[in-house]
Amino acid sequence: MEIKTKFSVGDTIYIKNDSKQLENFIIEILISMNEVRYKLRDESGAGIYYEFELSKEKDLLKTL
């Protein structure tokens with residue numbers, strides 16, 4: 001079985017609802033029965049997020 005993901009390990013990612021729009025790096029992809037989640041690392045720590053929460057583009061309006 002092949003599972004395609006929108007992002008890859010090592011990608012620089014932004015969390016859509018992060019008001020600071022900090023750079024995050026994907027350090028792990030977690031695949032379970034019916035979902036794909038991503039473990040991210042930034043300067044303050046690590047967290048796990050769903051694909052719909054992430055973007056490759058920085059939202060400059062959130063940083064104003």
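Is Arg37 buried, partly exposed or exposed? In this predicted model, Arg37 is partly exposed, with a relative accessible area of 27%; buried means under 20% relative accessible area, exposed over 50%, and partly exposed in between (1.4 Å probe, protein chains only). Residues are numbered from 1 along each chain as its sequence is written, and side-chain values use heavy atoms, with hydrogens and water left out. Because the model is predicted, local features need pLDDT of at least 70 and side-chain atom pairs count only at pLDDT 80 or more, while totals for chains, interfaces and linings use all residues.

Two salt bridges are found in a search of the whole structure; the term stands for a side-chain nitrogen of Lys or Arg within 4 Å of a carboxyl oxygen of Asp or Glu. Arg37 takes part in one of them, with Glu35 as its partner and 3.4 Å between the closest N and O atoms. Glu35 is partly exposed at 26% relative accessible area. A salt bridge also joins the side chains of Asp11 and Lys56, at 3.8 Å from N to O. This pair links distant parts of the chain, 45 residues apart: Asp11 lies in the segment before β1 and Lys56 in the segment after β5 (54–55). Strands (E, at least two residues) and helices (H or I, at least four) are DSSP runs, numbered from the N terminus. Lys56 is partly exposed, with a relative accessible area of 46%.

The largest nonpolar core holds seven residues: Phe7, Ile13, Ile15, Ile26, Tyr38, Leu40 and Leu54. Such a core is a set of buried Ala, Val, Leu, Ile, Met, Phe, Trp, Tyr and Cys residues joined through side-chain atoms within 4.5 Å. Two or more residues of this core come from each of β1 (12–15) and β3 (36–42). When residues up to four places away in sequence are not counted, Phe7 touches Ile13, Ile26, Ile29, Tyr38, Glu51, Leu54, Ser55 and Lys56, where contact means heavy atoms within 4.5 Å.

Gln21 is found in the loop between β1 and β2 (24–31). Gln21 is buried, with a relative accessible area of 3%. The phi of Gln21 is near 50°, a positive value in a residue other than glycine. Most residues other than glycine have a negative phi.

Ile31 belongs to strand β2 and, at 47% relative accessibility, counts as partly exposed.
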